[in-house]
Amino acid sequence: MEELRRSYSRLCRQSGAEPQEAVLQQLRQPPRGRLDLAAHSLTVHSCRALGTLLRGEALLTELVLSDCMLSEEGAALLLHGLCTNAAVRLLDLKVSRPAGGWRPPPCPLHPRQSRPGPARGLCPFPSQGNNLRATGAEVLGKLLRHNRSIQSLTLEWNSLGAWEDAFAAFCGGLAANGTLQQLDLRNNQISHTGAEQLALALAANSTLQELDLRWNNLGLLGGRALLGCFPGNRALRRLELAGNNIPGDVFRAVEQSVGHNQDRDTTLRESRARTHVLVQEVQQLREEKSKQFLDLMETVEKQRDELARSSRASVERVGQLQEALNERQSVINTLKAKLQMTEAALALSEQKVQELGELLAVSEREQLSQARQHEKERRLEQQEATEREAKFLRDLSATNEKNLLLRDQVDESERKVKALQEQLSLARQQLTTTTAELKLRAVQAEERLDAERKRTKQSLQDAESLRVKEVEHMRQQLEENERATQERVQRLEATRLALEEELGRVKAAALSERGQAEEELFKVRSQARLDEQRLAHLEEKLRLLAQARDEAQGTCVQQKQTVAEAQARASQLELQADGLRRRVDELQQELSHKEQEKVAEVARVRAELQAEQAAQAALREKALALERQLRATASDHREALRDRESENASLREKLRLREAEVARVRDEEAQRASFLQQAVLAYVQGSPLRTLNPPK
């Protein structure tokens, strides 16, 4: 935005004028792509520079130019620059209605309409704001014809309908536009001819969704013309026509057409959503079918590969069996020599089995001690968790009590606001009584003047022949008295007008204060709702912690079961080892009778021993893995408890900050209420009505 401000200053200096400070201030820190120049008088040079900048500017999305005192030349320069802009989405060129201005009374034909405004070409307010006339309307039509980015256009209180040819050009641009969605034409003195042009434009336009034509002078013909555009326009979903002197039947027909458009739009959206869902379902079905086909192809290929591998394996197996038959003769001769070696290996295996039994007993004792330690740690953790739950419950009860106190304070603030409103109503009643007294006094003064005039005339008729000089003197005195009374009446009228203006200002101030108080109350209530939601979230977290504790207890029970299963497996292994010993004895007895059977039995025993050794190694690894898992779960539980403690501390800190903020809001509300009460009392005590009351 700094580059934009520099470009504006450079263009203004090139045109021989100094840049306006208000424009520079707004360009220095615009709020998120919004340039607000409302109520700032823009010169022609500033309009030329801004129009040049807006031709290629892509950062500004909202442009507010209400009450900028734009001349025809300045407005044309700005709007020409916007013709090629592709970033501005909102353009505001309205004129703010002055306070206490004219507003049409309600129409008896329809409760939502009002009586027509003044005649076309006669504006009830003094000229102010933006001076958009015939040239401005034509340039606006060109803007709508060429611009492809503006979606919202506000032209309230600009009197564009006073020039029929220019308004026809504006309607032509609206008919050719394809991006505008909202258009505000309130209080633009649009007659029935302008409504006909606008109806033709709406029949050709397919993007405008909201149109506001309140407080114009469309009449019966204009309402019928707008009603005739709906068969060709299906995009318009909102049309405001209050205050246009349109008959009730035409008004209801227009509302019915707008309702049809809304229903059509909703059905179209629903159909699009349904088609989108159907398309997604069809795509999912296609993807599932393709996946199923690919899975079938993969399974077929896998079966083919398995068949090929099985055939190759069978061929290799036949060759291996042939080789084994050839080697068996040589092996039988060598087995006799190896039998003695196997006996020695059996003795060594017995010793190893004894050592393994001792190791298993040691590991069992270590597991029992570790299980006891884990049980103690689990009990301590359970006690700590119960204590923390009790603390959380106490904190929750304290926060609930604080919330109740805050609600009571909010109710007290509402009662104070109601009391202030009652005081304001009393002040209004006092003002009405004082105005009535002033009117009565003015009537009494006029009666006194009439009586004095009659008395002076009678005295003049009686003493006309005697004292001519005194009559002239009395006439002069009467004239002076009349002038004095007229001046006094004028002063009373001036004071009455001043009092009415002061009353209007006080009403506006009271309404603004009331709106602020209501906003503050709404904020406080929303904050209380957020606190309640956070309390519910904390309760949910406590419930999750309890579930995690139950899961940890379940895992501990499962680990105990796995330890018991491991012990049972160790006892089974010992029994199997005893059975193997007995089997070895039997084999030694049978070796003396059958050498071939001995060889087979020795090989089988060797394989079983290897399997048992592998099983024992696997059991050791499982025991070590269980120990590591127990340690990891214990560390995880400790870390989770620490995280919960840190979360609880942060939540307590947030609650404390929220309480401080609520106390600050309560103090601010009390200060505002006291300031408002003091202002009302000061206004009532220092009112100029006391000085105007004559002494009784």
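1. Basis of the note. The model is predicted, so local features need pLDDT of at least 70 and side-chain atom pairs count only at pLDDT 80 or more, while totals for chains, interfaces and linings use all residues. Residues are numbered from 1 along each chain as its sequence is written, and side-chain values use heavy atoms, with hydrogens and water left out.

2. Helix α3. Helices (H or I, at least four residues) and strands (E, at least two) are DSSP runs, numbered from the N terminus. In α3, residues 44–54, the buried residues are S46, C47, A49, L50, G51, L53 and L54. Buried means under 20% relative accessible area, exposed means over 50%, and partly exposed lies in between (1.4 Å probe, protein chains only). The buried residues of α3 pack against α1 (2–14), α2 (21–28), β2 (62–64) and α4.

3. Helices α4 and α5. How do α4 and α5 lie relative to each other? Helix α4 covers residues 72–82 and helix α5 covers residues 134–146; they pack at an angle of about 0°, with axes 9 Å apart. Axes are lines fitted to C-alpha atoms, for helices over the stretch in contact, and angles run from 0 to 180 degrees between N-to-C directions. The two helices are therefore roughly parallel. Angles under 35 degrees count as roughly parallel, over 145 as roughly antiparallel, 65 to 115 as roughly perpendicular and the rest as oblique. On the α4 side the contact involves E72, A76, L79, H80 and L82, and on the α5 side A134, T135, G136, V139, L140, K142 and L143. Contact means heavy atoms within 4.5 Å. The residues of this contact of α4 with α5 comprise seven nonpolar, three polar and two charged. For these classes, Ala, Val, Leu, Ile, Met, Phe, Trp, Tyr, Cys and Pro count as nonpolar, Asp, Glu, Lys and Arg as charged, and the others, Gly among them, as polar.

4. Helices α5 and α6. The axes of α5 and helix α6 (residues 164–176) come within 7 Å and cross at roughly 10°. That makes α5 roughly parallel to α6. From α5, the residues A134, A137, E138, L140, G141, L144 and R145 meet A166, F167, A169, F170, G172, G173, L174 and A176 of α6. By class, the contact of α5 with α6 holds 10 nonpolar, three polar and two charged residues.

5. Helices α7 and α8. Helix α8 (residues 219–228) packs with α7 at an angle of about 5°, their axes being 8 Å apart. This makes α7 roughly parallel to α8. H192, A195, E196, A199 and L202 of α7 make the contact with L221, G222, A225 and L226 of α8. Six nonpolar residues, two polar and one charged form this contact of α7 with α8.

6. Cavities. How many cavities of 30 Å³ or more are found in the whole structure? The search finds six. On a 1 Å grid over the protein atoms alone, a cavity is a set of points where a 1.4 Å probe fits but cannot get out, and lining residues have an atom within 4 Å of a point. Grid points are joined across faces, edges and corners, and a volume is the space filled by probe spheres set on the points. The largest cavity holds about 210 Å³. Its lining has 14 residues, and A371, H374, Q559, V563 and L630 are the closest to its centre. α9 (248–462), α10 (468–591) and α11 (595–685) each supply at least two residues of that lining, with α9 giving the most, six residues. The lining of the largest cavity has six nonpolar, four polar and four charged residues.

7. Residues with positive phi. Most residues other than glycine have a negative phi. N187 has a positive phi of about 50° although it is not a glycine. N187 sits in the loop between β5 (182–184) and α7, and at 8% relative accessibility it counts as buried. N245 also has a positive phi, about 60°, and is not a glycine. N245 is placed in the loop between β7 (238–240) and α9, and at 32% relative accessibility N245 counts as partly exposed.

8. Q382. This residue is found in helix α9. Q382 is partly exposed, with a relative accessible area of 22%. The C-alpha atoms of Q382 and R549 are separated by 7.9 Å, and the two residues are 167 residues apart along the chain.

Key:
On a 1 Å grid over the protein atoms alone, a cavity is a set of points where a 1.4 Å probe fits but cannot get out, and a pocket is an open set with protein on both sides within 12 Å along at least five of seven lines; lining residues have an atom within 4 Å of a point.
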